Amino acid sequence: MTALDDAGAPPALSPARTALHRVTSGVKLHFANPATVVLLPLFILGTILALNLLIWLLIVAATPVEVRSEQQFADGFSEGVQWSGAASFIFVWHLIVAIQAMNATFPYALGFGATRRDYYLGTALTWVAVAAGWAALFGVLAWIEEATVGWGLGGRMFSAVYFGLDGPWMRIVYVFLLFLLFLFLGTISGAMYVRFRSFGVTALWIGIAFLLVGVIAIIVLTQSFAQVAEFLLSIGFGGVYALTLIPTALAAVAGFFVLRRATTRN
Amino acid sequence: MTTVATVTGLTKRYGPVTAVDDVSFRIEENRIYGLLGRNGAGKTTLMSLLTGQEFASDGRIEVFGASPVEHAGVLERISFIRESQRYPEDFQVRHVLRSAPWFFSRWDEDYAARLVEAFRLPVKRRIKKLSRGQLSAVGVVVGLASRAPLTFFDEPYLGLDAVARQLFYDELLSDVAERPRTVVLSTHLIDEVSKLLEHVLVIDQGRIIVDSDAEELRGSATTVAGARSAVDAFVAGREVLHRDGLGGLATATVGRLGEEERAAARAAGLELAPVSLQQLIVRLTNTSEKEFQLS
């Protein structure tokens with residue numbers, strides 16, 4: 001009766017646009033208004049840096065010169081600030097960024113005819129770009145920090161010991177991997193939120209908490225803490241950061257399957 | 001005629017609620033469809049299923065010959081801006097206009113710009129600061145300028161003023177005449193759009209209760225009015241869709257009347273009047289007109 005019936009098999013519908021074009025549409029969507037994904041995190045980082053500079057200034061001002069030199073390394077950095085966790089907030093913040101960005105753009109992309117697959121791949125590609133951008137920024141800031149002996153105040157934020165002692169280039173790689181980890185933990189959380197709302201996110205993190213406690217339980221019960229510590233020391237910063245790729249990849253794959261069945265219903 | 005979409009035995013359940021209940025129909029190419037029904041009847045759910053935004057519990061959907069779910073080739077031929085479409089929190093109107101062509105391959109930027117001006121949309125205002133009418137206008141602009149071969153409008157004139165509504169009708173008719181495509185309009189303001197519609201689907205409690213050519217549907221009922229006794233005598237033995245009375249006067253809505261029957265009615269002193277699409281659908285869905293408009 002109809003042309004479709006006459007034709008027998010339905011016509012093969014190949015998209016007018018390439019897969020790459022569709023995926024990059026998702027990337028562009030995340031940057032369409034850069035406030036959430038780029039500007040606010042940069043502002044937060046700037047604020048943290050400013051606060052740290054103030055604190056370091058206070059420390060310098062309040063410490064007599066002879067005491068200060070006692071607590072200083074040969075390179076001029078203060079001992080206490082080697083362990084600065086100031087930058088950690090920006091990593092955790094990116095977990096939130098991923099959740100926010102997905103909650104904001106998923107119903108929009110779906111409403112504009114994107115497939116969940118293309119949207120997810122675009123989102124993942126966005127996070128890789130964001131992580132790379134931040135790693136590069138950290139690299140530059142760490143370089144300035146070391147060149148100016150801690151902004152002239154002996155403090156460390158971007159070259160803190162957590163980012164390794166393997167030189168400036170490896171530090172950039174480590175920061176990249178760390179951003180990826182938090183962004184993809186945010187992605188699985190965001191996918192859970194989009195699909196199951198807050199219940200989903202709560203359930204996810206309860207699950208993660210149990211997993212972590214379980215791992216600790218195994219280590220404690222088998223009295224293998226020494227072996228674990230030995231193992232971590234043997235693989236070093238490079239090994240530990242490479243290991244983060246496991247949870248990162250797991251989160252990325254799980255996020256895909258969670259989002260694949262998500263709808264825009266509130 | 002080419003079939004754009006075929007729906008067979010489609011059912012969507014949300015827990016104990018059946019939002020779409022064993023529905024079957026076809027959508028033919030280059031016609032304007034009205035998807036009519038009360039709020040909660042299942043209009044938006046049905047359109048969400050047709051556009052792959054929701055997953056069917058049962059049944060089959062074929063749009064452009066394939067399931068729309070996760071099918072980029074099908075989805076890029078569809079535009080469906082739902083009445084409750086969510087936009088990114090920090091988006092302004094201009095961000096929507098900038099990002100739309102990334103998703104709609106047939107997007108016409110000049111046309112969108114003309115529509116934005118005609119609807120007087122403030123492009124630098126945040127979406128969440130727009131009035132309900134302005135928000136509807138954003139959906140209308142995207143729906144028209146995307147020029148998708150299959151375009152859904154979900155309650156497009158919620159909050160639109162009379163001028164904007166007229167603008168929408170005029171633009172829809174002229175643009176569709178120029179670039180033929182299939183349009184599905186969902187609404188409960190039936191009288192306003194009834195002239196636009198070529199085919200009518202009425203959904204009630206998740207079921208399609210009318211699937212008919214609009215012209216045919218309009219002639220399918222007549223109201224007879226006159227003295228109660230004459231009305232009673234005339235409608236005896238007929239199916240009466242609706243009956244009303246005041247004192248000795250009565251009106252009754254009956255099915256299609258032939259020429260002879262019309263002559264007989266006039267001879268009995270009865271007045272005949274056509275039934276508007278809205279009245280007819282109200283009668284068919286068994287609700288009072290007032291309730292329908294309020295819904």
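## Surface and charge of chain B

The accessible surface of chain B comes to about 12,600 Å², and 48% of this area belongs to carbon and sulfur atoms. Accessible areas come from the Shrake-Rupley method with a 1.4 Å probe, and for residues only the protein chains shown count as cover. This is a predicted model, in which local features need pLDDT of at least 70 and side-chain atom pairs count only at pLDDT 80 or more, while totals for chains, interfaces and linings use all residues. Residues are numbered from 1 along each chain as its sequence is written, chains are lettered from A and ligands numbered from 1 in the order in which they are written, and side-chain values use heavy atoms, with hydrogens and water left out.

Lys and Arg count as positive and Asp and Glu as negative, while His and the chain ends are not counted. The place of a charge is taken as NZ of Lys, CZ of Arg, CG of Asp or CD of Glu.

## Fold of chain B

Chain B has 12 helices and 13 strands. Helices (H or I, at least four residues) and strands (E, at least two) are DSSP runs, numbered from the N terminus. The C-alpha trace of chain B spans about 65 × 40 × 40 Å along its principal axes.

Of the 295 residues in chain B, 54% are buried. Buried means under 20% relative accessible area, exposed means over 50%, and partly exposed lies in between (1.4 Å probe, protein chains only). Among contacts (heavy atoms within 4.5 Å) in chain B between residues at least 6 apart in sequence, 66% join residues at least 24 apart.

Gly143(B) is in helix α5 of chain B. With 0% relative accessibility, Gly143(B) counts as buried. Leaving aside neighbours within four places in sequence, Gly143(B) is in contact with Ser79(B), Ile81(B), Thr151(B) and Phe153(B). The C-alpha atoms of Gly143(B) and Arg82(B) are 9.9 Å apart, and these residues are 61 apart in sequence.

Arg147(B) lies in the loop between α5 (132-145) and β6 (150-154) of chain B. Arg147(B) is not a glycine, yet its phi is positive, at about 50°. Its relative accessibility is 9%, so Arg147(B) counts as buried.

## Fold of chain A

Chain A has 10 helices and 0 strands. The radius of gyration of chain A is 23 Å, well over the 18 Å that the globule rule gives for 266 residues, so chain A is more spread out than a compact globule. Along its principal axes, the C-alpha trace of chain A spans about 95 × 50 × 30 Å. Of the 266 residues of chain A, 45% count as buried. Among contacts in chain A between residues at least 6 apart in sequence, 78% join residues at least 24 apart.

Chain A exposes about 13,400 Å², and carbon and sulfur atoms supply 75% of that area. The chain has 13 positive and 11 negative side chains, and the centres of the two sets lie 20 Å apart.

## Aromatic pairs

Over all chains, the structure holds 26 aromatic pairs. Rings of Phe, Tyr and Trp (its six-membered ring) pair if their centres lie within 6.5 Å; planes under 30 degrees apart count as stacked, over 60 as edge-to-face and the rest as tilted. The rings of Phe91(A) and Phe182(A) have centres 6.1 Å apart and planes at 45°, so this pair is tilted. Phe91(A) lies in helix α5 (residues 88-111) of chain A and Phe182(A) in helix α8 (residues 167-221) of chain A, so the pair ties together parts that are 91 residues apart in sequence. Phe91(A) is buried, with a relative accessible area of 2%.

The ring centres of Tyr174(A) and Tyr241(A) are 4.7 Å apart and the planes are at 10°, so this pair is stacked. Tyr174(A) is in helix α8 of chain A and Tyr241(A) in helix α9 (residues 225-243) of chain A, and the pair links distant parts of the chain, 67 residues apart. Both Tyr174(A) and Tyr241(A) are buried.

Notes: The radius of gyration is taken over C-alpha atoms; the globule rule is 2.2 Å times the number of residues to the power 0.38.
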